[in-house]
Amino acid sequence: MGFIQYFMDNYTASIYDIIVEYVDTEYSLWLTWFLMPVIVTFLLPAVIIILIYISAIIFHLYRLYRMKIVDGVQADWKHAARLAVCALWDAHGWLWHGYEIRGLENIPEGPFLIIYYHGALPIDMYYFIARMLLFKRRHIHTVADRFMFKIPGWATLLEGLCVIPGTVGTCASVLRNGDSLAISPGGVYEAQFGDHYYRLHWRNRIGFAKVALEAKVPIVPMFTQNVREAFRTVGWLRGVWLRVYGATRVPLAPVYGGFPVKLVSHLGAPLAYDPALTPDQLQKKVASAIEELVEKHQRVPGSILQALTERLYEVPKSSKQAVSNGKCHNGDALSHCDSGHAKVS
């Protein structure tokens with residue numbers, strides 16, 4: 001104990017003297033306060049990761065205590081856990097983003113395929129799935145990138161929420177079984193390298209069109225207003241992140257944000273099954289439908305400040321000419337169109 005006391009009295013004092021002599025503490029304090037908003041914008045995305053892990057814990061707990069918790073409440077423990085998780089996400093969406101869905105009248109009675117624009121983080125799809133299950137009693141299956149299934153602790157959650165890696169065959173099977181499915185053709189590429197101009201980054205991916213034609217179901221286009229103002233990816237070192245993604249297929253571009261902007265998911269009129277269309281033609285038709293939703297509801301370029309004010313008052317958008325997606329849009333010479341036509345997302 002004497003040695004510890006000697007160390008605390010002498011060496012702690014020495015460290016304090018060094019700090020006082022060589023470090024301007026007032027400047028350090030000022031710098032900390034000055035950089036605090038920047039630090040916070042990079043820490044807020046961690047809240048979404050925490051919520052995902054809380055959701056995973058809920059599924060693990062329901063599975064562990066399924067005989068005691070579910071008995072007399074729900075015949076299916078997965079469905080009971082799914083409702084609890086959806087309640088968590090719906091509450092977060094309502095409180096933090098004032099989340100809304102507009103165009104629910106465009107949802108068909110039977111199975112359908114939702115094609116949506118992918119934000120930096122697909123939080124709009126989390127909220128959409130939650131609200132559809134809680135208030136419409138319709139569970140939407142989703143397609144996710146394969147890397148998500150390798151993240152520790154997420155497997156049970158993804159299984160419980162019916163998230164699949166998705167090939168054309170498995171996706172068509174889900175729809176033929178009477179369930180609905182959501183796919184983002186841009187996927188993690190669009191998430192990382194899209195921007196606040198809201199251009200589609202689908203490249204030549206037509207797998208979703210093959211799915212719709214094979215399953216003979218309508219397609220409902222979906223776009224969430226201000227999704228790029230809630231979270232954004234860092235624009236600098238874009239070429240580096242492109243090369244890293246091309247080599248590893250793992251999204252490593254830094255994400256910042258978590259701003260409490262207004263989020264509204266807009267559902268367009270369903271595109272009926274048409275056997276006369278080819279997958280390429282259907283891809284262009286769906287792309288045009290989503291671009292029309294962007295043109296109608298989103299200010300381009302997006303503004304975080306404007307999106308924040310829309311929590312209080314929504315100013316009608318003036319019409320402008322839409323920017324066509326075409327078959328391939330990369331916006332960067334380092335990118336190349338994906339030649340894997342069998343890919344769904």
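In the predicted model, the cover over the buried residues of helix α12 includes helix α9, where contact means heavy atoms within 4.5 Å. Helices (H or I, at least four residues) and strands (E, at least two) are DSSP runs numbered from the N terminus, and a residue is termed buried under 20% relative accessible area, exposed over 50% and partly exposed in between, with a 1.4 Å probe and protein chains only. Residues are numbered from 1 along each chain as its sequence is written, and side-chain values use heavy atoms, with hydrogens and water left out. Since this is a predicted model, local features need pLDDT of at least 70 and side-chain atom pairs count only at pLDDT 80 or more, whereas totals for chains, interfaces and linings use all residues.

The pLDDT, which is the predictor's confidence in each residue on a scale from 0 to 100, averages 84 over the protein chain, and 77% of the residues score at least 70. Over residues 321-343 pLDDT stays under 50, and for this segment the model has 55 contacts beyond four places in sequence.

In α12, the buried residues are G239, W241, L242 and Y245. Viewed down the axis of α12, these buried residues fall within an arc of 165 degrees, so they line one face of the helix; the arc is that of the directions from the helix axis to the C-beta atoms. An α-helix has 3.6 residues a turn, so residues three or four places apart point the same way. The face of α12 turned away from the buried side carries R243 and A247, which are exposed. Just after α12, R249 takes a positive phi of about 60 degrees.

A pair of aromatic rings is described by the distance of the centres and the angle of the planes. Here, rings of Phe, Tyr and Trp (the six-membered ring of Trp) are taken as paired if their centres lie within 6.5 Å, and planes under 30 degrees apart count as stacked, over 60 as edge-to-face and the rest as tilted. By this rule the count comes to 11 aromatic pairs. In one of them, the ring centres of Y189 and Y245 are 6.2 Å apart and the planes stand at 55 degrees, so the pair is tilted. Because Y189 belongs to helix α9 (residues 187-193) and Y245 to helix α12 (residues 238-248), the pair ties together parts that are 56 residues apart in sequence. Y189 is buried, at 3% relative accessibility, and Y245 is likewise buried, with a relative accessible area of 4%. The ring of Y189 also has the charged end of R203 over it, 3.9 Å from the ring centre; a charge is said to sit over a ring if NZ of Lys or CZ of Arg is within 6 Å of the ring centre and within 35 degrees of the ring normal. Elsewhere, ring pairs link W89, Y99, Y126 and Y127 into a cluster.

Strand β2 (residues 113-116) pairs in the parallel sense with strand β6 (residues 219-225) over four bridges, and V220 in β6 is the bridge partner of I114. The pairing of β2 with β5 is also in the parallel sense, over three bridges, with I115 opposite I183 in β5. Strand β3 (residues 140-143) pairs with β5 in the parallel sense over three bridges, and here L181 in β5 is the bridge partner of H141. In a regular strand the side chains alternate between the two faces of the sheet. From strand β5 (residues 180-183), S180 and A182 point one way and L181 and I183 the other way, and all are buried.

Most residues other than glycine have a negative phi, and most peptide bonds are trans. A positive phi near 60 degrees is found for K216, which lies in the loop between α10 (207-215) and β6 and is exposed at 56% relative accessibility. For L237, too, phi is near 60 degrees and positive; L237 is placed in the loop between β7 (231-233) and α12 and counts as partly exposed at 45% relative accessibility. V300 and P301 are joined by a cis peptide bond with omega of about -5 degrees, and P301 lies in the loop between α13 (279-297) and α14 (304-309).

Methods:
Pairing = 2+ DSSP bridges.
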